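Student: I am new to this structure. Please take me through it in short steps.

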Amino acid sequence: MRTNKITPYLFLLPGCIILGAFIFYPMLQAIWMSFTDYNMITEPEFVKLDNYKNLFNDELFWKTLMNTFLYLICVVPALVIIPIFLAVLVNQKLRGIAFFRSAYYIPVVTSLVVAGIAWDWVYKENGLLNYMLDILGIISEPIPWLTSTDTALFAVMVVTVWKGLGYYMIIYLAGLQSIPSNLYEAAQIDGANWWQQVTRITIPMLMPFVLIVSIMSSIAAMKVFEEIYVMTGGGPLHSSETLVFYIYTEAFDRLNMGYASAAGVILFLLTLVFSIINLKFMGKDNTK
Amino acid sequence: MMRKKAKLISLLFIIAFVLIVSACGKEETKEDGNKQNDDSKEEITLEFWTMQLKPTFTDYIEGVIADFEKENPNIKIDWLDVPAADLDKKILSAVSTDSAPDVVNLNPTFASQLAQLDALVNMEEAVADEDKDKYVKGAWEANRIKDITFAIPWYLSTEVTLNNKQIFEEAGLDIKNPPSTFEEAREASEIIKEKTGKYGYFPSLDLSLVLQHMVVNGAELTNEDGTKAAFNSKEGLEMFEYFTELYKEELIPKEALTGDQRETIDMYQAGQVAFFAGSQFISQIKENAPDIYKNTVPSEAITGNSGKKTMSVQNVVVPKQTKHEKAAVQFALFLTNAENQLEFSKLTPILPSSLEALEDPYFTEAPEGAEASDLVRITSAAQLEDAELLVPPMENYDELRQSMYDAISESMLGKLSPQEALDKAEQEWNEILSK
């Protein structure tokens with residue numbers, strides 16, 4: 001009897017230790033560091049709220065924060081909605097459908113560095129995209145996708161969406177396959193058409209998965225880094241620089257680890273707030 | 001009873017957590033007497049990190065290590081090769097956790113940042129005068145900041161322009177007289193654009209290269225004691241205007257603004273650019289684009305009002321955390337001695353920092369049937385006398401170069417006039433320099 005009470009906790013112990021050592025401890029360490037002037041080599045010096053004060057007075061911080069929000073606003077809806085339709089498409093019982101499932105998933109397993117370089121070629125002034133648009137008569141002169149302050153951030157967003165679609169599609173696919181087929185059979189008997197089945201059965205039943213995808217894609221959008229690092233380096237003129245890139249530059253290029261930690265803490269709080277909002281509004285119906 | 005057990009279990013979790021955390025934590029105490037007397041014959045192992053030399057130079061490095069271990073049987077070298085992009089971060093985390101390697105191949109920019117934090121051995125004190133004199137003077141002095149010489153120079157390169165003969169001919173330009181000044185580069189670019197539709201010049205402007213261009217054009221970056229910006233001058237303005245006009249007139253690719261050197265080399269290899277400064281990429285071009293390589297004619301670096309040419313230095317540093325400083329410096333000197341440098345230079349288009357190695361005919365006489373890589377080497381070595389490290393190590397260097405890069409970007413993108421951008425950069429530099 002006694003052993004049985006302890007056993008569940010013992011099962012939890014390894015997970016708790018790993019979480020503690022690799023998640024909670026670094027998190028607490030970062031919060032502590034955000035109140036210090038620390039360069040990773042000399043001893044940290046306690047500077048109270050100076051890092052936060054300096055952050056709020058730093059124009060670049062606000063710019064990168066705005067870019068991060070822009071990323072969130074544009075990328076998350078795309079990553080929540082488009083994969084639903086892809087999942088519905090690849091959920092059909094057709095010959096060779098496994099090929100399409102794999103094809104949509106390939107970007108997920110492609111290294112971001114490789115993807116970044118490949119997209120770089122697509123976006124170049126004389127690259128594939130401008131060539132196609134020119135052939136179709138849509139543009140008269142090449143658009144500098146990655147070298148204009150107006151387009152660079154959006155061009156990178158497309159890569160994030162392209163890379164994430166397959167991943168979220170698989171989550172939705174799992175959701176679709178968990179919907180009992182007798183619901184569709186009943187709907188067909190009642191005369192519901194395909195669209196009615198999608199909107200009245202599929203989407204409502206997928207809501208818990210939408211919530212997961214929404215939270216996951218929000219977090220992914222807020223911590224976007226590699227695409228920007230590889231494709232634009234945050235430029236031109238910081239127009240594609242997001243908060244994580246800013247944190248990286250401050251931490252590793254300028255060795256302002258305390259300052260970067262303060263920015264990291266703010267990012268953490270923002271991510272937390274967004275996740276709570278997501279849970280609050282979208283999770284309401286699913287908790288019943 | 002249940003509550004008691006739950007409390008006990010919670011306590012267990014906390015103890016386990018604290019144990020893990022303290023195991024992960026940084027060692028607070030560091031042995032003071034850790035500078036072992038390397039004269040003793042006790043066996044020691046030195047950790048040696050290089051920057052992306054495997055697999056191309058594996059045999060060479062292993063050969064050097066074997067020779068050193070033969071001469072010094074009590075010293076073993078443990079070699080680790082790190083991808084170039086990761087080295088700064090890896091060395092930083094190693095230093096911050098008191099586990100720095102003993103000898104590291106590091107670029108001067110990052111090494112100077114570590115030196116500012118007193119993390120590297122001062123070679124001025126650790127190396128005997130007769131050994132210091134064996135290196136190219138400019139290369140030795142390039143590693144000096146605040147009276148500390150933080151590294152031993154390993155290999156050097158000077159900027160050599162690579163010209164695509166085929167594009168020159170298509171444009172009716174004489175390949176025997178390729179552009180050698182900024183103005184000639186502009187004129188050639190205009191003709192090439194008009195006649196072939198291709199780009200003539202592709203100056204990569206990523207970060208520190210803007211500063212180098214300023215100096216090449218004759219602008220001083222700071223006043224003598226490094227406390228105020230001094231580039232807001234006729235020469236500085238000329239440089240801002242020059243690149244802004246080239247960009248606006250589409251005489252250089254748009255990627256010049258955001259692209260790194262990878263963009264430049266890609267376009268040159270694709271035959272879309274007629275000339276660029278890229279001697280270090282000659283082997284890559286030979287391998288990736290043999291047709292372009294066959295048409296490549298190297299020439300002296302393009303320069304501005306000052307006539308100066310860029311020298312780049314790759315270093316070997318010894319972190320202060322080493323427990324075997326004497327042996328580490330000894331290995332660094334062995335790695336960079338004339339014999340080893342000469343052998344290394346024959347494997348890749350670099351120049352030795354050893355004066356003795358530079359006297360070898362390999363750097364002065366072109367072999368029969370010389371190809372582009374031979375000419376790059378000869379041209380590069382011939383320029384060494386006029387070349388210098390144009391941007392010396394400076395405190396808060398990353399902020400300074402970013403500020404200048406932002407300013408020229410604003411000018412090129414038309415957000416500010418060249419003069420306004422230069423004024424803005426001057427103001428920012430003064431703030432950074434006064435920190």
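Student: Which residue in strand 12 of chain B is the bridge partner of Tyr155(B)?
Tutor: This is a predicted model, where local features need pLDDT of at least 70, side-chain atom pairs count only at pLDDT 80 or more, and totals for chains, interfaces and linings use all residues. Strand 6 of chain B and strand 12 (residues 351-352) of chain B run antiparallel, joined by 2 bridges. Strands are DSSP runs (E, at least two residues), numbered from the N terminus, and two of them pair if DSSP finds at least two bridges between them. Within strand 12 of chain B, the partner of Tyr155(B) is Pro352(B).

Student: Which residue of strand 11 of chain B stands opposite Ser157(B)?
Tutor: Strand 6 of chain B also pairs with strand 11 (residues 309-317) of chain B, in the antiparallel sense over 6 bridges. Opposite Ser157(B) stands Ser312(B).

Student: How many residues of strand 6 of chain B are buried?
Tutor: Buried means under 20% relative accessible area, exposed over 50%, and partly exposed in between (1.4 Å probe, protein chains only). Strand 6 of chain B spans residues 152-158 and is mostly covered. Its buried residues number 7 of 7.

Student: Is Lys48(A) buried or exposed?
Tutor: Lys48(A) sits in the loop between strand 2 (45-46) and helix 2 (50-56) of chain A. Helices are DSSP runs too (H or I, at least four residues). Phi of Lys48(A) is positive, about 55 degrees, although the residue is not a glycine. Its relative accessible area is 57%, so Lys48(A) is exposed.

Student: And His238(A), buried or exposed?
Tutor: His238(A) lies in the loop between helix 10 (226-231) and helix 11 (243-253) of chain A. Its phi is also positive, near 65 degrees. Relative accessibility is 12%, so His238(A) counts as buried.

Student: Which residue does a cis peptide bond join to Lys54(B)?
Tutor: Most peptide bonds are trans. Here omega is about -5 degrees.

Student: Which side chain of chain A meets Glu263(B) in a salt bridge?
Tutor: A salt bridge is a side-chain nitrogen of Lys or Arg within 4 Å of a carboxyl oxygen of Asp or Glu. Side-chain values use heavy atoms, with hydrogens and water left out; residues are numbered from 1 along each chain as its sequence is written, and chains are lettered from A and ligands numbered from 1 in the order written. Chain B and chain A share 3 salt bridges. At 2.4 Å, N to O, the partner of Glu263(B) is Lys124(A).
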